[in-house]
Amino acid sequence: MAADASTQVTELTADDHACLTFGETEELFDLTAAFVRDGLAAGLKVMWLSDAGPGIAVKELTRRGVAVEPALSAGQLAADGCEERFLSGWSFSADAAVGWLSGQLAASRQQGFPGLRIAVDMSWALRPVSGVEELPRFEEGIAAALSGTTASVLCQYDRERFDPVTLASVGGFHTRSVAAATYYADAKLRICRQYAPPGIRIAGEIDFQSAEPLAQALAEEVRLDGDETVNMASLAFIDARCTMMIAEAVRTMAAAGRKVTLRCPPEVAPGFARLGVADVPGLRLVSADE
Amino acid sequence: MSDENPSPAGPPANSPRSGRDSAPPEPLSLQQPFDRDSLYALRAAVSAHAAAAGLSSQRVYDVVAVAHELAANAVVHGPGHGQLRLWANDGLLYCQVRDSGAASRSAAEKKTVWPSQPGHGLWVVGQVADKVSVDRGDSGTIVTACFATGGRAGRPLHSRSRNTPDRARNANRVPRGPSPASPC
């Protein structure tokens with residue numbers, strides 16, 4: 001199956017071998033949390049092998065609403081570093097790694113899970129690991145190992161740090177390409193969908209000149225159901241026009257009975273408070289650190 | 001600057017400037033022209049200088065917000081460009097934006113599906129700054145906002161909520177009315 005353009009992380013199914021590209025850590029954690037959350041909800045065994053380490057992984061998943069502790073206790077979730085799993089010190093072997101994956105799939109079946117989901121942060125391949133040239137063969141091996149199984153693997157590549165040649169060489173072995181739905185992105189501003197918890201994320205600096213993509217993002221969120229988070233934790237500046245637009249949109253959502261959370265840095269919060277947002281029932285204005 | 005709700009306000013009696021074209025009383029810390037494409041750089045420069053003046057991170061953000069809204073007003077409703085000056089004097093940080101006053105049709109904001117509220121940016125300026133004065137004349141508009149730096153002026157002006165007289169009360173300032181359309 002050839003990789004298609006822009007699958008949402010929430011659309012992945014069993015035996016998918018998806019290639020997730022991310023531009024910043026916040027995006028990686030968000031998309032991974034959605035992948036883990038949906039896997040746990042489906043009763044699958046879920047593993048996340050990351051560079052962040054188990055402590056940070058657990059904290060970031062918890063912050064995004066994933067019930068981590070009970071899943072860890074029940075053996076349904078595992079969060080580890082890549083070194084402990086399919087790297088052997090500073091060396092990598094594609095055959096050994098694919099063998100490890102097949103072993104995990106068999107083990108999850110024996111444990112009674114109907115399937116397995118593994119997210120793998122591939123940042124280890126940026127380090128001087130011997131055998132890293134086997135990366136395409138590893139991806140090819142995963143594709144073969146997953147075919148017809150109930151396991152799915154989400155390989156996570158930092159698109160800023162991996163060179164385009166490497167990304168292109170591994171891309172063809174994936175069944176899907178996953179990235180956050182993006183409304184706007186340039187060097188100063190990024191407006192994209194957030195998956196866990198659902199909503200939108202605005203990072204950088206935004207003013208009236210980006211009102212159009214902001215309006216598009218907000219209009220889509222207004223049309224949806226369920227709780228909403230507008231994540232502005234990495235927003236360094238927002239002008240009066242865009243503050244007003246967001247305030248109007250979240251008032252509409254709250255009026256429809258949806259719980260809305262506005263998360264922003266302490267310097268930005270007064271702009272929303274000034275418009276009375278904090279007093280609207282169902283609407284929470286919280287600090288970026290909470 | 002020709003905002004969408006022009007105020008009849010003339011030169012303020014208690015202007016921080018002694019005359020329309022006079023230089024600020026202390027050396028300028030920043031003087032920067034701006035247009036639509038340079039608002040990001042303008043904000044970065046204002047942020048650096050406001051931080052150097054000793055303001056808290058919240059007040060640095062507020063100065064940047066005020067500078068942006070005044071400049072954006074000149075860009076969207078005025079000639080499309082202008083000049084920003086920033087200087088400190090006697091415990092106050094002054095942020096002044098001047099433009100030639102003539103509205104440019106090409107500078108007008110592109111309409112979006114989301115309705116905008118004219119004058120809202122200037123309402124925010126009035127809410128955030130400790131004092132604002134507007135000087136409209138034949139050669140253009142000068143808006144000056146000032147912020148207490150907690151220096152020689154003593155108690156910060158933005159503590160005025162305690163209902164005690166302070167310099168802010170004597171200033172020719174933008175009314176703190178509830179309407180977002182309050183003119184500057």
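**Helix α3 of chain B and its surroundings**

Me: What do the buried residues of α3(B) pack against?

Reply: They pack against α8 (240-255) of chain A, together with α2 (57-77), β4 (131-137) and β5 (140-148) of chain B. Buried means 20 or more other C-beta atoms within 10 Å of the residue's own; 12 or fewer is exposed, and in between is partly exposed, with C-beta atoms placed from the backbone. Helices (H or I, at least four residues) and strands (E, at least two) are DSSP runs, numbered from the N terminus. This is a predicted model: local features need pLDDT of at least 70, side-chain atom pairs count only at pLDDT 80 or more, and totals for chains, interfaces and linings use all residues. Residues are numbered from 1 along each chain as its sequence is written, while chains are lettered from A and ligands numbered from 1 in the order in which they are written.

Me: How many residues of α3(B) are buried?

Reply: Nine of nine, across residues 120-128. Among them are His120(B), Trp123(B) and Gln127(B).

Me: OK, chain contact. How many residues does each chain put in?

Reply: Chain A gives 16 and chain B gives 21. Contact means C-beta atoms, placed from the backbone, within 7 Å.

Me: Which element gives the largest share on the chain A side?

Reply: α8(A), with four residues. By type, the side of chain A that touches chain B has eight nonpolar, no polar and eight charged residues. Nonpolar covers Ala, Val, Leu, Ile, Met, Phe, Trp, Tyr, Cys and Pro; charged covers Asp, Glu, Lys and Arg; the others, Gly among them, are polar.

Me: Switching to the sheet in chain B. What's the strand order?

Reply: β1-β2-β3-β5-β4, an open sheet of five strands with antiparallel pairing. Strands pair if DSSP finds at least two bridges between them.

Me: Why is one side of β1 and of β4 left without a neighbour in the sheet?

Reply: Both stand at the edges of the sheet, each with a single partner strand, so one side of each has no neighbour there.

Me: How many bridges join β1(B) and β2(B)?

Reply: Six, in the antiparallel sense. Pro33(B) stands opposite Gln83(B) in β2(B).

Me: Which strands does α1(B) lie across?

Reply: β1, β2 and β3 (92-99) of chain B; α1 (residues 39-52) runs at about 160 degrees to β1(B). Axes are lines fitted to C-alpha atoms, for helices over the stretch in contact, and angles run from 0 to 180 degrees between N-to-C directions.

Conventions
Two residues are in contact if their C-beta atoms, placed from the backbone, lie within 7 Å.
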